[in-house]
Amino acid sequence: MTAARPLTYGDPAHLAAHQFLVEEAALLDAADYAGWLELLAEDIRYVMPVRVTTARGAGFDTLAGMGHFDEGLYALRKRVQRLATDHAWTEDPPSRTRHFVTNVRTFREAGEDLRVESALLLFRSRGDTREADLLSAGRTDLLRATADGLRLARREITVDESVLRTQNLAVFLLWRTRSGWPTSSARSWWSACRPATAPGCASPCRPPAGRSCSARSNSRP
Amino acid sequence: MLDLASVVSDVRRGLIPAHVYADPEIFEAERDRLFARSWVFLAHESEIPDPGDYVVRRVLADSFIVARDEAGVVRVMFNMCLHRGMQVCRAELGNASHFRCPYHAWTYRNDGRLTGLPFHQEAYGGEDGFARAGQALLPAPSMDTHNGLIFISLDPGAPALRDYLGDFAFYLDFYTRQSPAGVELRGPQRWRVAANWKIGAENFAGDSYHTPHTHASVVDIGLFREPKASQRIKGALYQAGPGAGTTYKLPPGGNGHSGFADQLRYVGYPDAMIPGMAATWSDRQRALVADSGFMVSAATLFPNLSFVHNWPQIDAAGTVVPFISLRQWQPVSERETEVLSWFAVDAAAPEDFKRQSYQAYLMCFGTSGMFEQDDVENWVSITDMAAGSMARRLKLNSRMGLTSEGKPVKPPLASFAGPGVAYHGFGEYGQRHWLSQWSDHLSGGAR
């Protein structure tokens, strides 16, 4: 079923697949998660196995029955929803991240579907004192042709470390987290929250929409 | 120069000198006085089900092969060749009848015995020059198992594991013995965080107070209905033997066995699993669930093995499914910890349940878990702040639940069916219980 050789770089299907990955990254770099979710097929499977160090002859290099991710649309939506709350401390203040997508190879699958392999390098910097993290991974995606264009139906991420050197996978291997304040209302309540009231400031600083302010009020506006 | 006696004295009063979370001298003392003698978890028997199966695990810098030998016996061997000290097995897991050192090909059976020694006769003059017979990879000084959990101690004179576990064994069953088949572990996910190892261990021992705020986002998105402050404060905190943990108070169920089943159904266990728990747990264990109405959540077994049991909603229809995770805070340095996080499930559970419970685990804990993400952010930040000079002037207040005279603010729970001591509401009882054992070790001699 799978073609043995990748499509040539000039093949319109390859160009469309490559563009899909780049446009997807651009959406995510703009923190447009709602837009990103629309690129996913309803039955998406998003998996990232745990890699392990094994003998060359062992015949496997991932753990059976355990991944870093093994998600459908519900779980992915929940993760996006969580990052959009005011209490996702691990990404507030947000990491500075950049996803480098390269080595794109496209294979024709059944019908109009495309299998796309790519290499990903994630740079992630948090705060001002910690060393930055680098995460290298390969990805194999299944892109499904629909009337609305290509949709991501399956993504398998092959991370290149067995012990991850990053504090968590709050930043997915395909998106960056928001880099600015999500809404103008967030900015206005934050501005009203003086540093003097920061410690345990939930009540004195309670913002209009019931937000609390632990993370943001620690910075001077 | 570290004044260990003064540090320990402060810690025993519930005032923690902040630098202990980033101090190389403290870390050295922990290595020499605590990890040199305490029982430490390495693996679960379900990770090595067949003869020849092995995993390689560490206690701080010491690498051990945990193998099931050809006779089915679990062996724990120091992973260093007797000849020149090469790491004999450099894979994380696999199946092997023998381990051959890459340097000079000294070869060991999977029970540790040295069997292959190239040119034994020509180079060594045979048994006369080097007695191969009786040579084996160094065994762990002490090794024992409980509910399939494999522990070692670097102290050859360690007490029997069951004696060490004491009253905590009662609570351990909720996580690792839900049926006669026992539990199976999958994983671990492994990752390194720039945090001191003690912070996670203390947190799981009794910090129900952090849940409503640290994990507010999880409530916001409707993933887990329980951790609201109004709900969390109703739980009981227990300390028993070398362990301590948190519980949630469940809504009242029916009486007797029907109450027991109601509580398990409430947290999402299918009816097919309830007889297993009913048959395996003692009257007293069942009473904790049915009569006291408490369901275990987080716990820590001193020093660095923690447990969690939560019951999130795994789909848009609101299906509630419980999961169990075991996690180890493996110290790398005073400022770095490798976290090992396993998914655990009753081996006899229906396959559907195993699949759903695994989904629940991934959403909540481990490298990508939505609870764990925010926990680790806190722990990294504490470690970072603890490394400077000012942290040496700050004693962190860990006295919640104690009056200024050191008496409990409220009496222990009278109606708590489990062993040990339990308190209702918020309080740092479990953390102080953990720190008290830490203090005992650090004020003892080095090994």
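How many residues of chain A are in contact with chain B, and how many of chain B with chain A? There are 34 from chain A and 34 from chain B, where contact is C-beta atoms, placed from the backbone, within 7 Å. Bear in mind that this is a predicted model, in which local features need pLDDT of at least 70, side-chain atom pairs count only at pLDDT 80 or more, and totals for chains, interfaces and linings use all residues. Residues are numbered from 1 along each chain as its sequence is written, while chains are lettered from A and ligands numbered from 1 in the order in which they are written.

**Confidence**
- Chain B averages a pLDDT of 95, and 100% of its residues score at least 70; pLDDT is the predictor's confidence in each residue, from 0 to 100.
- For the model, ipTM comes out at 0.93 and pTM at 0.91.

**Where chain A touches chain B**
- On the chain A side, β2 (62-71) and α3 (73-83) each supply at least two residues; helices (H or I, at least four residues) and strands (E, at least two) are DSSP runs, numbered from the N terminus.
- By class, that side of chain A has 15 nonpolar, 13 polar and six charged residues. Here Ala, Val, Leu, Ile, Met, Phe, Trp, Tyr, Cys and Pro count as nonpolar, Asp, Glu, Lys and Arg as charged, and the others, Gly among them, as polar.

**Chain B overall**
- Chain B carries 15 helices and 20 strands.
- Its C-alpha atoms fill a box of roughly 75 × 55 × 35 Å along the principal axes.
- Of its 447 residues, 52% are buried, meaning that 20 or more other C-beta atoms lie within 10 Å of a residue's own, with C-beta atoms placed from the backbone (12 or fewer is exposed, in between is partly exposed).

**The core**
- The largest nonpolar core has 157 residues, with B:Leu42 and B:Val66 making the most contacts inside it; such a core is a set of buried Ala, Val, Leu, Ile, Met, Phe, Trp, Tyr and Cys residues joined through C-beta atoms within 7 Å.
- Helix α5 (residues 168-176) of chain B gives the most to this core, namely seven residues.
- Beyond its neighbours within four places in sequence, B:Leu42 is in contact with residues including B:Arg57, B:Phe64 and B:Val66.

**Domains of chain B**
- Chain B splits into domain 1 (41-146) and domain 2 (165-443), with bounds from an automatic or database domain assignment.
- Seven residues of domain 1 are in contact with ten of domain 2 in chain B.

Key: Two residues are in contact if their C-beta atoms, placed from the backbone, lie within 7 Å.
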